[in-house]
Amino acid sequence: MELGLVGLGKMGGNMRERIRRAGHTVHGFDRNPDLADVHSLDELVGKLESPRVVWVMVPAGGPTQSTIDELGELLEPGDVVVDGGNSRWTDDEKHAEELAAKGIGFVDCGVSGGVWGLENGYALMYGGDAENVAKVQPVFDALKPEGKYGSVHAGKVGAGHFAKMVHNGIEYAMMQAYAEGWELLEKVDSVTDVREVFRSWQEGTVIRSWLLDLAVNALDDDEHLDRLKGFAQDSGEGRWTVEAAIDNAVPLPAITASLFARFASRQDDSPQMKMIAALRNQFGGHAVEAK
């Protein structure tokens, strides 16, 4: 099949290559002309035969909204737009309604795989009407990992991005657990080779995972992570997961704590810890450290 792909960054560029390796035709557009096959959305749409499928891989929020707005003016009834970025699921419902008014289908797709997806395949979680999903199915099949799993029609519009959001929330908590365990191992004198402890966990343990493999890769590159600053950004999906948990009265203590730990990482001199230190000194005479 033919596909229009908008956004050819780290994810989009590799996705274009994987789809082409599966024998499909991809016309890619990016604001960087060095990456693009075509030089405007108008030209991209003109390259595709009806019914057209255009996959959008641009940052969530304004960039996605403006791209979908423009495509809504260029596409025709029966065409389909796929949002494969990290949009919030509530935006999907809005986009689907806006495009449906013009007879254009909409599918949201959460994509996981990062820079490894080109070779390993991408885990895909998509939402939308079966009729629209069917028009995109050859691309889903090209992108997914080999084997039976790694791709799911999660439900109606918004379900794909909601599933990916929860996936990322779980990822936050898993990374936090590995990080806390690593710090404790590094802290004690009795453990003399923390990296090899982590490596030993890669086989036969109940905590083995791809994230653990990546942790070992990082420790092989920088054994004590001395070259890194203890600062971690959040993409927004962790926040949305916690907000959704509040809306649905679902307790998520581990995921919530992992999100707040990221916030703490951005404070070189934590105001909260100042208050805790002051209170400990007041009620127990515990020592405080002055600047």
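This is a predicted model: local features need pLDDT of at least 70, side-chain atom pairs count only at pLDDT 80 or more; totals for chains, interfaces and linings use all residues.

Domain 1 and domain 2 bury about 690 Å² between them, 62% of it on carbon and sulfur atoms, where buried area is the accessible area, with a 1.4 Å probe, that two parts lose on being put together, summed over both. On the domain 1 side, N86, R88 and W116 lose the most area to domain 2, together accounting for 62% of what that side buries. Residues are numbered from 1 along each chain as its sequence is written, and side-chain values use heavy atoms, with hydrogens and water left out.

The domains span 2-157 and 166-269, with bounds from an automatic or database domain assignment. Seven residues of domain 1 are in contact with eight of domain 2, contact meaning heavy atoms within 4.5 Å. The rule finds one salt bridge across this interface, that is, a side-chain nitrogen of Lys or Arg within 4 Å of a carboxyl oxygen of Asp or Glu. E243 also forms a salt bridge with R88, with the closest N and O atoms 2.9 Å apart.

Turning to the lysine, K144 is buried yet has no salt bridge, and D141, the nearest side chain of opposite charge, is 6.4 Å away; buried means under 20% relative accessible area (1.4 Å probe, protein chains only), and Lys and Arg count as positive, Asp and Glu as negative, with His and the chain ends not counted. The K144 side chain does reach the backbone oxygen of G147 at 2.6 Å and that of Y149 at 3.4 Å.

Key. Buried means under 20% relative accessible area, exposed over 50%, partly exposed in between (1.4 Å probe, protein chains only). A polar contact is a pair of N or O atoms within 3.5 Å; within protein, one must be able to donate a hydrogen and the other to accept it, and residues adjacent in sequence count only if both atoms are side-chain atoms.
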